[in-house]
Structure formats: C-alpha cells, structure tokens
Amino acid sequence: MVNIYIDNAATTKIDKRVLKKMIPYFENKYGNASSIHFMGQENDLKITECKKEIAQIINGNQNNIVFTSSATEANNLIIKGVMRANRDKGNHFLISAIEHPCVLSSARELLDEGFKFDYIPVDKNGVIILDELKKKIKPETVLISVMTVNNEIGSIQPIAEIGKIAREKNIYFHTDAVQAVPYLKIDIKKWQVDFLSLSAHKFYGPQGAGLAYINKDIKIKPIIVGGGQEDGLRSGTYNMAGIVGLTEAFKLAYKERDSYLKEVREVRDYFWKELKKNIKNIRINGDLKYKTPNSLNVMFEGIEGEAILIDLSLKGIHVSTGSACSAQNLRVSSVIKAIGVSDEYMNSNVRFTFGRYNKKKEIGRVVKELVKTVDRLRKFSSIK
Ligand SMILES: Cc1ncc(COP(=O)(O)O)c(C=O)c1O
C-alpha cells in the first residue's frame, strides 16, 4: 500500500538536498563550535554564515538569531524569558485565542509567578480582531504574542498591523511564524516584530532544529543555562547538522516559493472541489481567502473527525484533526472553539495540509476512500 501523507502542518519529509548538506556534519565536520581548535572554529564560522543568510531573507539582524532545538523551545524562551526579565515594566501580556499549545502552556506557567494574561479573540475565520486587541492593552502590558499563521485552520493574521499597534504603545511583539514558511514573506522590519519563532521540520528541514529571533535591545532571561552559547541566551552544544539543515531548507523554501505556492494551491483547491462534489453536509472552517494555500480544515457533519482519521490511516492516507501535539488527547480543539463552531459540528473536523510531495493524481484515491469512510460512519449517525 502506497502511503499518502496530507499532514504537512505536523511535519514535512526532509528534502534530499537538505539532507545532503547535513551529512558532512555527522561524518567529518563534527567539531564542537565552541571549541577553540580549528575544527570548532570552522563550525563557528559556519553558524555565523547561516545566521547571515537567514537574516537576509527575513530582513533582520543576524546577531538577533538564536538557534534552538525547536519552535517549542523558542516560544518558551521568548514568552517566559521576556516576561521574567521585564517585571519592572509590567506583569501583563496578551496572546491570541488560537495559539499553539507551547505558547498557551508557557503563558499558563507564568500565572504561578504572578503574571497575568488575556486572550485576544478571533472572528469566524480565525483572524484576530484588532479592536479587541486594542481594548485589552493595559498600562502594564509588556508583550503581545500572536502567531503568524494558525496551524489548525491556516488562518493568516494581520501581523504588520499588530506590529504597528505594539510599537505605538511601546509593547514588545512576538510572532510564532512556524506555519508561515514559505507562504508569507517574513519581514522583521516591515512587520515591526521584536521576537519570532521558526521550526525547520515544517519546511522540509530536519526535526529538532528551531530558531528564535530575539531583539537583543530588549531584556530576556534564558530558560536553559550552562556553557553560555548564543550570548548566554541558549546554552547547549550547537546542533551543527540541524543548523545547516534549517538554513538550507529555509533558503530553498524562499528560492522556490512561487512555483511551490502555485502547485500546493492547485492540489488543495482540486481536492476541495472534488470533496464538495462527492460528499454532502461538509463545510470548511474559515473562508479560503484568509488561509495559506496548503491548508484545509473540513467539518463532516454528524461524525467524529478522529473516526475519519483512523479509518483513513488504515487505508494508508494520513491526515489529522488538529495540532499534532494534541493528537494523543482527544479533547475539543481550542482553535475550533475560538472560531465559534456550533456543538453539532464541534468534533467533526479533519485537517488536510498539503505539501511539496502531494500530487493531483493522488486526490482521486483520497476522495474515493473518504467517500467510503464517510458513508460507513454516517450509517451510525443521524446524518445520511
Ligand atoms: C504554530 C506552531 N508553533 C509551534 C510549533 C512547535 O514546533 P516544534 O515542533 O518545532 O516544537 C508548531 C508545531 O506543530 C506549530 O504548528
């Protein structure tokens, strides 16, 4: 059975060109970048080169790039680190109602330390409501954290507008841009962001390699301490292969952006057209015009999304219902709740996220299997 993978927001298959660039760092170039000898210093220079290349693409400052093990780590560092280091400025921050669990959990952890936060609500398309954001700002607000693109429904947020509001109010601004590559052109200066997070495995790079962009004019307290790497902001031996892989994948993502966006949109739109033609009582969460072109979150009235997912997976078709991090505990998605989905649809959503390796010719099989799955499951429900 040939697997069809439509869960690219959870992770992507590594690009062979990326892997090829990484291999020498396992085989020969294994020097510790903090070592004084030549093998170490050569790798230290490579890290600087990687930062320079990434900074150019995002219109940022290379000295503000900190490599981490994941975006989860980057988000923890930025949210906890900024709030803890700036207590003198205030104890309040804002996050959107649709953040990834690593932002939510970081925020909740800070409650125990006397910090307070509020959620910025989103509309039915999963886009944050700017007037609500403005209303929630307090004199003691230190940080605003709003993701660039939502991982469950693909909604794009008005990042430059939020950046402007934050700058006017002298509030620091973080965006988790994990799902934005290469769908949006990240621009640190235009967006007026102080902090940004990325993860290599979402754009055909390796798992276990992330990045935190940190405006170093702002105080931040590290969460991992030790050897003092990354100007003391993130101790731990540099993951050379991961850093090289992340950089190569990032460069390729933006170099090949135009053709990639066209192809991925074509496959997704074709899938949605075929789905609507063949299955009744379905609808998407949020309007397509607010979404990145890889993403489609579909509600199948009367059936559980998880039941569809499991049935499809047995047939070699791999999709998800929401964030990969919540796939183990089958609770109601906070994102789906935040966009105001009614109770009868609440658990009926399936997330399809397309990517580079999905082809239009696969869609026929996916739709055919989905029709069978939905027909079978709806036999047990009141919806036919
Ligand atoms: C929006 C968003 N933020 C953060 C993460 C966490 O990234 P990582 O897997 O690098 O920890 C994910 C991954 O699902 C994500 O989609």
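Which side chains meet in a salt bridge at 3.7 Å, N to O? In this predicted model, where local features need pLDDT of at least 70, side-chain atom pairs count only at pLDDT 80 or more, while totals for chains, interfaces and linings use all residues. Residues are numbered from 1 along each chain as its sequence is written, and side-chain values use heavy atoms, with hydrogens and water left out.

The pair is Lys 251 and Glu 248, a salt bridge being a side-chain nitrogen of Lys or Arg within 4 Å of a carboxyl oxygen of Asp or Glu. Lys 251 and Glu 248 sit three residues apart in helix H9, so about one helical turn separates them (helices are DSSP runs of H or I, at least four residues, and strands runs of E, at least two, numbered from the N terminus). Glu 248 is buried at 12% relative accessible area, while Lys 251, at 28%, is partly exposed (buried is under 20%, exposed over 50%, partly exposed in between, with a 1.4 Å probe and protein chains only).

The structure holds 26 salt bridges. Another joins Asp 311 to Arg 376 at 2.9 Å, N to O. Asp 311 belongs to helix H11 (residues 305-314) and Arg 376 to helix H13 (residues 360-378), so this pair ties together parts 65 residues apart in sequence. Both residues also take part in a salt-bridge network with Lys 315, Glu 369 and Lys 372.

Lys 291 is another story: it is buried yet has no salt bridge, and the nearest side chain of opposite charge, Asp 287, is 8.3 Å away (Lys and Arg count as positive, Asp and Glu as negative; His and chain ends are not counted).
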